[in-house]
Amino acid sequence: MTPQTDLEQRILETAKQLFLEHGFAQTSTTDIARAVGCNQALVHYYYRTKERLFRKIFEQEMNNLLDFANKFTYSDDLWSFLSTLVDYYFSFLTQNPKLPFFILNELVLNEERRAWMRETFIQNERRQKAYYAFSDMVMREIKKGTIRQIEPLDLLLDIVSLVVMTFICMPIYSDLLQKTPEELNDFLAHRKQEVLLMLEGGLTPPANLE
């Protein structure tokens, strides 16, 4: 790696840390340059604008979060799939605990960014195929009577809500109750099992609850 590309990468990594910590609006290219130890002109040389730099980072993080198309097999075993999916996202977000709030904060506050995300991520052909495969798997299980009637999108939103809210609430849980790192690890393991139990209970056909 040449010194030039090394500097470019250091700018990217430093900007990522600052954006995750403070958000887009509260981070300037001056802040990024100061943290890297270079002048501001070099930040603009490599990335032109703060928005372009932010979008590069945001796109990388969203790809990491959404790109499960090549990580899972869409088989008839829905419960195995859900368990693997939940386990994957708990593991991923444990390593990136600030990511959920970062993404939600930027999407809620910025309408233009939501439009960009729709065009860049939601309308991506590979991800659409992954969603259709997931949807087909859910519909097969409904027809077999192993789960209740549910829209696949509702199930996906249930999974996202249960997993993501765990990590959004984690700093509050940690600080208010003064939890140690070991206790936080136990909390996350417990929450993962609770999420799976809630999904299982919520998908059980009414006839099987009697």
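1. A quick term before we start: a residue is called exposed when its relative accessible area is over 50%, buried when that area is under 20%, and partly exposed in between. Glutamate 125 comes out at 54% relative accessibility, so it counts as exposed. Please keep in mind that this is a predicted model.

2. Glutamate 125 has a charged partner, lysine 129: the two form a salt bridge, with 3.6 Å between the closest N and O atoms. Both residues belong to helix H8 (residues 125-144) and sit 4 residues apart, about one turn of the helix. Lysine 129 is also classed as exposed, because its relative accessibility is 52%.

3. What joins Glu51, Arg55, Glu106 and Arg113 into one network? Salt bridges with shared partners do this. One of the links is between the side chains of glutamate 106 and arginine 113, at 3.0 Å from N to O. Here glutamate 106 and arginine 113 are both buried, whereas the glutamate 125 of point 1 is exposed.

4. Across the whole structure, the search gives 10 salt bridges. Among them is the pairing of the aspartate 87 and lysine 192 side chains, at 2.6 Å from N to O. This pair connects distant parts of the chain, 105 residues apart: aspartate 87 lies in helix H5 (residues 78-95) and lysine 192 in helix H10 (residues 181-203). Aspartate 87 counts as partly exposed, because its relative accessibility is 34%.

5. Is threonine 166 buried or exposed? With a relative accessible area of 3%, threonine 166 is buried. Its place is in helix H9 (residues 152-176). Beyond neighbours within four places in sequence, threonine 166 is in contact with Phe90, Phe187, Leu188 and Arg191. With arginine 191 there is also a polar contact, side chain to side chain, at 3.4 Å.

6. Two backbone angles deserve a look while you have the model open. Arginine 48, although not a glycine, has a positive phi, near 70°. This arginine 48 sits in the loop between helix H3 (40-47) and helix H4 (50-66), and at 49% relative accessibility it counts as partly exposed.

7. With a relative accessible area of 68%, glutamine 178 is exposed.

Terms used. Residues are numbered from 1 along each chain as its sequence is written. This is a predicted model: local features need pLDDT of at least 70, side-chain atom pairs count only at pLDDT 80 or more; totals for chains, interfaces and linings use all residues. Side-chain values use heavy atoms; hydrogens and water are left out. A salt bridge is a side-chain nitrogen of Lys or Arg within 4 Å of a carboxyl oxygen of Asp or Glu. Buried means under 20% relative accessible area, exposed over 50%, partly exposed in between (1.4 Å probe, protein chains only). A polar contact is a pair of N or O atoms within 3.5 Å; within protein, one must be able to donate a hydrogen and the other to accept it, and residues adjacent in sequence count only if both atoms are side-chain atoms. Contact means heavy atoms within 4.5 Å.
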